[in-house]
Amino acid sequence: MGPRIAAALGDLGVRTLADLVSHYPSRHEDLSNVKPISDLRVGEKATVVARVVNVKPVGRPVRGRVPGLSAQLYDGTGYMPATVWGRGWLLNQLVPDTWVVVSGEVQRKYGLQLAAKSIEVVDDPATLGESAHAGRFVPVYPANKAINARRARTLIHRGLDGAGRILDPLPAAILARQNLPNLHDAIHEIHFPSDRDCLKEATRRLVFHELFLIQTGLAARKARLEKTETGRRHRGDGRLLNPFLKALPFGLTGAQERVIGEVLEGMRSEKPMRRLLQGDVGSGKTVVAVAGLLSAVESGGQGAIMAPTEVLAEQHYLSISAALKDLPVNVVLLTGSQGAQERRAALEAVAGGEAHVVVGTHALIQKGVDFHNLSLVVVDEQHRFGVGQRTEFKEKGVTPDTLIMTATPIPRTLSLTLYGDLEVSILDELPPGRKPVDTRAIAVAERYEAYESVAEELEAGRQAYVICPLVEESEALEDVRAAEELYDELVTEIFPERRVGLLHGRMKAQEKREVMAAFRSREIEVLVATVVVEVGVDVPNASAIVIEGAERFGLSQLHQLRGRVCRGLHPPKCFLVADPKTDDSQKRLDALCDHQDGFKLSEVDLAIRGEGTLFGARQSGMPDLKIAKLLRDIDILVEARREAFELVADDPTLRKPHHRPLRREIRDLLGRDVDWLFKE
C-alpha cells in the first residue's frame, strides 16, 4: 500500500500485519440472508444476487441532497428495482448484464422495490462467498477519514490472505479444557464469520486470549518477585498493637478485624507482602495501616506512609501522633515545605532509627532521605503515584513489605486486571452509625437554595465545605481566581455574618496548615476550597458540602468530595450545583444521587467511561484491551486468571519449549523490556 494509506492506518494503531489482522470489527452487518426475488416480502431485509437489466437516475439535487439511481434487477425468478441514494459513481459501473449483490429492505413505494444499503459488482456469482463486502456477515471497523469501513474490509481481507497460517501460542491443553477454537480460525471468524455461532465462539476465544496473556504476565511477575526477594518475616509481639486497639474510642468492624488479620499474616510471611487495600470513604483504612506500622516497629523495623498531598500528610501525622501519644512510638513528619532546621532534624531521626513511623509526601523518596531499617511501606491513594515513584519508595529499604491503599474503589474485574499480581483486601463494611449522605443535584439557577440549607446547618452549630468548580490543570492561576471569586461572593453576599476561610493549591504550606487548623477548631465555619480536600480530610463537625460546577468532576472524585461530610453524628448533605452538557455528565450526577456505595459507583463509572481510560491508572505500560470488556467478561477473566496462574506455577519463567511462543507473545504485548513486570 502507498504511504498515505499506511499513515492513515498508523493513526488507527495499525503498523504491522499483526496489527492489521487484530484490528477487530466494532460490529457486523448481517447480509447473509440471500433469497430469490420471487420469495421477497415487504419489510424483509435480504440480499439478492441478480443481473442488471437497466439503470436510470432518480430524483433531483434538492437542498444539497445528492440524487440517486434505480437499477432494474433480474435473477431468473423475477424482476425488482433496487434504489440507492447519493452514490452517483455507480451509474458508470452498473451496465446491463453486470452481476450484482444487493442488500437492503423490501419496501412498497411506487410498487415493490429494494431500498439498497449496499450494492457490490461481482465477476462471478459462484464466488460470492469470497467477497468481503456482500452475501455474508460483513464486518464494520473503527475507521477515519482516509480509511472508511469498505477500504478497511478490503485491506484486512487481503491481510488475512497474506498472513498465512497464524500460529497459536496458547497450550493445546488449555484450549481443550476451555473448549476454545485455535487462534487462526478465531481471527478469521471474528472478521468474516460463517454464522452467528462461529462469531460468538471466535469472540470468546479472543477475549480469553487477551486476558490470559495479561494474567500470565502478572503471574510471571509475581513468581519472579517471590523467587528473588526475601520478605522480612515481621514477628510483632503485640506490645504496641494491643494497647492501641484497646484504646480506640470505637469498636472495630468485622471487616477491619478481618483485614488487619490479613495484613499481619502477610507481614509474618517470609515472602514480601504486596497487598492492595480497598475501602470506601470512611471505612477505616487508617486504623489498618497503623496496625501494620506498629507491627513493623514491634519487629525492630521502621514504617513509612506516603500521602499524595501535604494537607493529607499533615492530617495523617496529626491523627497517627494523637492515636499513639501514650505509646513509646516516635512519629516524624517529612514534607517538601519544611524549614531547613526542621527538615534536618527529621532526616537525622529517620536515618538514625529514632523515628519509628515516618509520615510524608513524595519528599520521602527524594535523594538524601535514608532510612535506618525500613520494613513496611504504606502508599495512600495509590492512583496519585506513578509506578516509578512507588518503586523508589520501596528501594529505600531492603525488600520492605508494601501496603497500597485506595479510597477510590476499583471494580473487581479491574482490580484483577490492573493489580492481579497483588493480594487484595477489601473493607466492605462501614462503621456502625455512619449515615448516608443526602445528595441532590441542583441547577445553577437555583444554587441559592443549596446555600439556604447550608445556612440552617451553620445555625445549628455545624460547618460546611464549598468546593470550587474544577478548571484545567494548565490554568493553575485560573484555579486560584475561581476560588477567590467564590470566596468573595460568600463573604460579601451569601454568608456576610459567618467566618469563611479559603484553601487552594497555590497557598504556601504554612498557610494551608493554619487554615485547616482553624477549620478543625471551628474558628472557620465555611471553608471554600479547591480539590485539595478531596481525600482524607477529616472534620467530623462538617455536615454539608456544596460542589460548584459538579459536572466537571469525575464520578470517583465527586464521591471522594462527598465523603468529607460523612464522618460526624449529624445527617450529612451534599449539593451538586451543575449544568450538565452531555449525557455522560448527567449519568454521573444521577449515579451519585442514587448510590452511596463506592464500589457500585466504580462499576457505573467503568460502564460510562469504558476500560480504555482506566488503564492509565497503573502508569506502567499496561496494554489497552482490544476486544475484552471487563464488566461483560468477568467469567472469562476468572477462568483466564486461574489457567494463567496454574501454568506459571508449573513453569515460572515460561522456559519450557512448548511455552516459548507464549513467552514471545507476552513480550510483544507488554513491550520488549517488560519493565512493569518486574517493578512494584
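This dialogue discusses how to read several features of a predicted protein model.

User: What is the overall make-up of the protein chain in helices and strands, and what share of its residues count as buried?

Analyst: The model is predicted. The protein chain contains 21 helices and 20 strands. Of its 680 residues, 53% count as buried. As for contacts between residues at least 6 apart in sequence, 73% join residues at least 24 apart.

User: In what order do the six strands of the open sheet lie, and is the pairing parallel or antiparallel?

Analyst: The order is β15-β20-β19-β16-β18-β17, and the pairing is parallel.

User: Why is one side of β15 and of β17 left without a neighbour in the sheet?

Analyst: β15 (438–443) and β17 (500–503) stand at the edges and have a single partner strand each, so one side of each has no neighbour in the sheet. On average, neighbouring strands of this sheet are turned by 20° against each other, direction ignored.

User: How many disulfides does the structure hold?

Analyst: A disulfide is a covalent bond between the sulfur atoms of two cysteines. This structure holds zero disulfides. For Cys574, the closest cysteine sulfur is that of Cys593, at 7.9 Å, which is too far for a bond; the cut-off applied is 2.5 Å.

User: Are Cys574 and Cys468 buried or exposed?

Analyst: A residue counts as buried when its relative accessible area is under 20%. Cys574 has a value of 0% and is therefore buried. Cys468, with a relative accessible area of 2%, is buried as well.

User: Where is Asn541 placed, and what does its side chain reach?

Analyst: Asn541 lies in the loop between β18 and β19. Asn541 is buried, with a relative accessible area of 11%. Its side chain reaches the backbone oxygen of Gly461 at 3.2 Å. Leaving aside neighbours within four places in sequence, Asn541 is in contact with Gly461, Arg462, Gln463 and Arg522.

Key:
Residues are numbered from 1 along each chain as its sequence is written. This is a predicted model: local features need pLDDT of at least 70, side-chain atom pairs count only at pLDDT 80 or more; totals for chains, interfaces and linings use all residues. Side-chain values use heavy atoms; hydrogens and water are left out. Helices (H or I, at least four residues) and strands (E, at least two) are DSSP runs, numbered from the N terminus. Buried means under 20% relative accessible area, exposed over 50%, partly exposed in between (1.4 Å probe, protein chains only). Contact means heavy atoms within 4.5 Å. Two strands pair if DSSP finds at least two bridges between them. Axes are lines fitted to C-alpha atoms, for helices over the stretch in contact, and angles run from 0 to 180 degrees between N-to-C directions. A polar contact is a pair of N or O atoms within 3.5 Å; within protein, one must be able to donate a hydrogen and the other to accept it, and residues adjacent in sequence count only if both atoms are side-chain atoms.
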